Amino acid sequence: MSASNMDVIVSLSKRRGFIFQSSEIYGGTGSCWDYGPLGVELKNNIKRVWWRDFVQNRDDMVGLDASILMHAMVWKASGHVDHFTDPMVDCRECKHRFRADQIDAMDWIHYCPATKGNKFTIKAAEPCKHCGARRTLCPSCGKGELTAPRQFNLMFKTFMGPVEEDAAVTYLRPETAQGIFVNFDNVLQSTRRKLPFGIAQIGKAFRNEITPGNFIFRSREFEQMEIEFFVNPHERVDGRPADEAWHDRWIADCQAWFSRYGVSADHVKLHEHGQDELAHYSKRTVDLLYKFPMGWSELMGIANRTDFDLKQHSKFSGKSLTYFDEERKEHLVPFVIEPSAGVDRALLAFLLDAYEEEEVRGEKRVVLRFHPELAPIKIAVLPLLKKRSEIVTTCHDLRRRLARRWLTLYDDTAAIGRLYRRQDEVGTPYCVTVDVKTVGDAEKGETGDGKVTIRERDTMQQIRVPIAELETVFAKLLDAGQPWSEVAAAYPRAEG
Ligand code: GAP
């Protein structure tokens with residue numbers, strides 16, 4: 001069974017230290033989340049592989065880390081001050097606030113006049129089956145009239161400097177992208193790049209969402225992994241305008257990236273924005289949708305932003321943001337392809353896709369089948385008997401050695417079966433067990449064989465490996481990505 005229910009993932013995340021509600025001891029915010037000891041490892045791993053695959057391993061990409069607080073004019077030029085709004089309605093009775101464009105997709109409370117005012121919860125967009133009425137009042141309390149829609153800007157306002165005056169107003173960035181556009185010329189001049197090339201950035205973004213929800217799917221503080229890929233609009237690639245060809249390449253690359261790290265192809269599909277959905281800057285946008293428990297929803301977007309942003313910043317700053325095309329001997333404004341992913345949404349998709357419940361020897365086993373590169377803990381070192389000091393000492397020595405290269409944990413707080421289950425539940429791909437045979441028994445004059453058991457999470461197979469070969473084995477499995485079946489074939493099986 002996979003995780004079709006978000007509650008299962010929310011509960012596992014809290015119980016095992018992946019994700020906690022922000023400020024929980026004060027009742028929580030409901031719109032911001034804290035990543036616990038395992039969550040921060042998982043999140044860092046996602047960002048690390050994304051940066052490695054899309055920045056370090058490519059010769060047409062560079063990175064950037066721009067500040068969160070920027071000049072207020074950035075947001076005027078980008079269109080965020082005027083356009084980054086959602087229509088909002090309020091309930092006059094319970095004061096609940098809703099996005100006007102999402103209200104019809106919500107289940108609604110109805111006090112039915114045909115049943116003496118009995119209260120019913122009716123499915124979204126459906127009429128009451130007793131009186132035939134459709135929703136007109138507040139979907140949450142079922143009593144209050146709703147206000148007319150008003151535009152609500154999603155940016156968090158703040159003040160730069162000690163005086164709270166209009167001239168000091170600025171905003172927490174609602175996307176990392178603008179930090180890239182305003183640095184376009186700095187990067188171009190300092191790196192002497194030729195088109196096409198891209199600038200990537202990972203960082204926090206803030207949006208005062210009207211209706212945050214679905215766990216970390218929509219929050220008010222989140223992280224983005226964004227790329228602005230600059231292309232020469234006059235060039236042709238694969239017989240097509242360069243921006244169009246590169247757009248398709250990036251869509252394919254992003255899809256392949258999620259699949260490479262374990263997201264099932266059946267759980268991802270493309271959504272082409274219709275004309276009415278396109279942002280004001282976009283020529284074409286394609287979203288990658290993921291099959292979240294609440295339905296198909298946006299995992300990331302890949303937009304063709306044309307030359308909109310560079311031209312706007314050039315207009316508002318008075319600085320030229322152009323590229324000199326040597327071949328045509330002319331200055332041009334590059335077009336931009338923007339693959340933009342949310343770290344938190346990616347993490348939620350990886351968690352949901354990794355989750356599995358199965359029955360093993362009559363007992364439920366919960367396992368997170370994370371790709372080893374994403375797994376928070378790579379190796380757990382476990383003692384079969386914690387009363388035997390030689391076993392425990394050997395475990396600590398091994399943990400120290402392995403931890404220099406891979407995140408390795410020692411645990412002796414339960415019997416071995418339970419320790420394995422705990423590691424399965426947090427997605428640790430390998431457990432190393434030290435037992436009596438490893439260390440021998442000095443009192444009986446028996447020397448140990450110097451071998452330990454490695455157990456693999458998905459197959460639950462176990463092999464017996466000399467301690468001296470452990471690092472070589474894990475380098476094959478965790479660094480070179482060699483399949484377990486190949487590596488395990490060189491060693492004798494151990495009893496489960
Ligand atoms: N620069 C383009 C841009 O920001 P977007 O579609 O608004 O485009 C990109 O956001 C991605 O950021 C989304 O696909 C999603 O993964 C993530 N994202 C946006 N708003 C979010 C929120 N409130 N909570 C969590 N992630 C969010």
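**Reading a predicted protein and its ligand**

Guide: Buried residues (under 20% relative accessible area, with over 50% exposed and partly exposed in between; 1.4 Å probe, protein chains only) make up 50% of the 496 residues in the protein. This is a predicted model: local features need pLDDT of at least 70, side-chain atom pairs need 80 or more, and totals for chains, interfaces and linings use all residues. Residues are numbered from 1 along each chain as its sequence is written, and side-chain values use heavy atoms, without hydrogens and water.

Visitor: How many helices and strands does the protein have?

Guide: Both are DSSP runs, numbered from the N terminus: helices are H or I with at least four residues, strands are E with at least two. Here there are 14 helices and 29 strands.

Visitor: Which residues come nearest to the ligand?

Guide: A residue is near a molecule if one of its heavy atoms lies within 4 Å of it. The ligand has 20 residues around it, and Glu175, Arg207, Glu209, Glu226 and Glu298 come nearest.

Visitor: Which strand supplies the largest share of the shell around the ligand?

Guide: That is S17, with five residues. Strands S12 (221–231), S17 (295–306) and S20 (335–342) each supply at least two.

Visitor: What polar atoms lie by the ligand?

Guide: A polar contact is a pair of N or O atoms within 3.5 Å. A polar side-chain atom of Glu175 lies 2.6 Å from a ligand nitrogen atom. For Arg207, a polar side-chain atom is 2.8 Å from a ligand oxygen atom. Leu299 uses a polar backbone atom, 2.8 Å from an oxygen atom of the ligand.

Notes:
A polar contact is a pair of N or O atoms within 3.5 Å; within protein, one must be able to donate a hydrogen and the other to accept it, and residues adjacent in sequence count only if both atoms are side-chain atoms.
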